[in-house]
Amino acid sequence: VDVLVPAEVVGDASLQRPNNGFRIIPVKRSCIHRFVLKRSVRAGSAVSGKFSAKPSGIRRLLARINRLSLRYGILRELRMPSFADAWIRPALRSAQRAAKAEKQPGSEPAVWDLCISTSNPYAVHLIAQKLRMRGLVKKWAADFRDPWTRNSLYPGFYGFRAFERLLERRVCNQADTLVTVGNVLANEFRQQFHGTGRPALVSYNGYEQIDEKSTKPVADLHLPAGKKLIVYTGSLYRSQRSPEPLFEALAQAKKAGHVELNLHVAFAGGNVDNLLQLIEQYGVNDLVNWYGPISYQQALSLQQMADVLLFIESGLPEHRGNVTGKLFEYIRTGKPVWALGITEQTESWQILEKTGKACLLNSSEKIRKACINLEAHPGKGGTKTQAVEKQQGILQFSRKNLAQDLLEKLQLVIEE
């Protein structure tokens, strides 16, 4: 098994995994690509007001570029143009060298039985496509962790959309099977490419079992002591992923005289859109705070400290298939989850419901009552049988179990 990855990932301690017989082939990103990835977080902080009142010209330019990138998904790894495209040629060369190094004297270069290209970035599919065309792989599974041209968050630039649709169709036509993160997206792929005869498999993102000792402490965040902690980690978008119903409910509770609410809502993430304005608008500064961007390990630690985790997603029909990785991070903790914005028809809710640890709060009144009665929130107690059932509901989404299921499905593809 060979894994083609950016060279920078190899040295990332948070992404280290036990090597059980696979080989890592590191490929360097271009200088410009590395610069953009490093600066994007800093630019995001500039947008959120973390810099001084009069940022420098370079910082203002970076902030403008970042806003454009966040709006359309360009210059990152999501939509064209993308600096990740510069990774295609060196990655292809590295794969070819690896194939030649494995060949026996007098024989053809080694051929992989199966190539799995997992996006984002979408560039990995173009690499796999070229490997297939050059006869270096027998079977190819194109794995879409996020939609490409039908991405509801990042519509892409007008001048590139038609070309992206063409590339996506070619990828899906040539791949032996398609893989995606949920049933709704799988059905969309089947409908969109029904003429290709390509199956679309489902493999959820799942969660990874993590040693709690490896998580980083969050003492430097100065969380208030003695209060029930409600936590949200990740990005926010005012049009599709907004905490406004929660703030409205908190404001109503305060207005009704429940000023003694013994809770604290902690938001942590780099791209939070208009979060700070909403906190001011609803007057909930005493109950809510944004702790800025934190590391992945710190996010896991913060989730584990929470009494309740917030899952916020859009409930619009066109977004009902959104199944994010955060969903499974939350499931891993075994903590109660409050789901905001989504509906019973949303696939993310259907997954959460299976765990027996989630509560659907699709109105400000329900949120208000849940906040007031936080100490009596479902998720504690229950019979021993119920506890076992809940644990089984969580374990079914572990990456180990999901990977085994996907491997069995892909084995059938190889044998065809």
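Cys172 is buried, at a relative accessible area of 0%, where buried means under 20%, exposed over 50% and partly exposed in between, with a 1.4 Å probe and protein chains only. Cys359 is partly exposed, at 23%. There are zero disulfides in the structure, a disulfide being a pair of cysteine sulfur atoms within 2.5 Å.

A word on the source: this is a predicted model, where local features need pLDDT of at least 70, side-chain atom pairs count only at pLDDT 80 or more, and totals for chains, interfaces and linings use all residues. Residues are numbered from 1 along each chain as its sequence is written, and side-chain values use heavy atoms, with hydrogens and water left out.

Next, strand β7, residues 228–233. Helices (H or I, at least four residues) and strands (E, at least two) are DSSP runs numbered from the N terminus. Six of the six residues of β7 are buried, so the strand is largely enclosed by the rest of the structure. Lys228, Ile230 and Tyr232 lie on one side, and Leu229, Val231 and Thr233 on the other.

What does β7 run parallel to? Strand β8 (residues 263–268), through six bridges, and strand β10 (residues 308–312), through two bridges; pairing takes at least two DSSP bridges. Ile230 stands opposite Val265 in β8, and Val231 opposite Leu309 in β10.

Last, Phe247. Leaving aside neighbours within four places in sequence, Phe247 is in contact with residues including Phe267, Leu275 and Tyr282, contact meaning heavy atoms within 4.5 Å.
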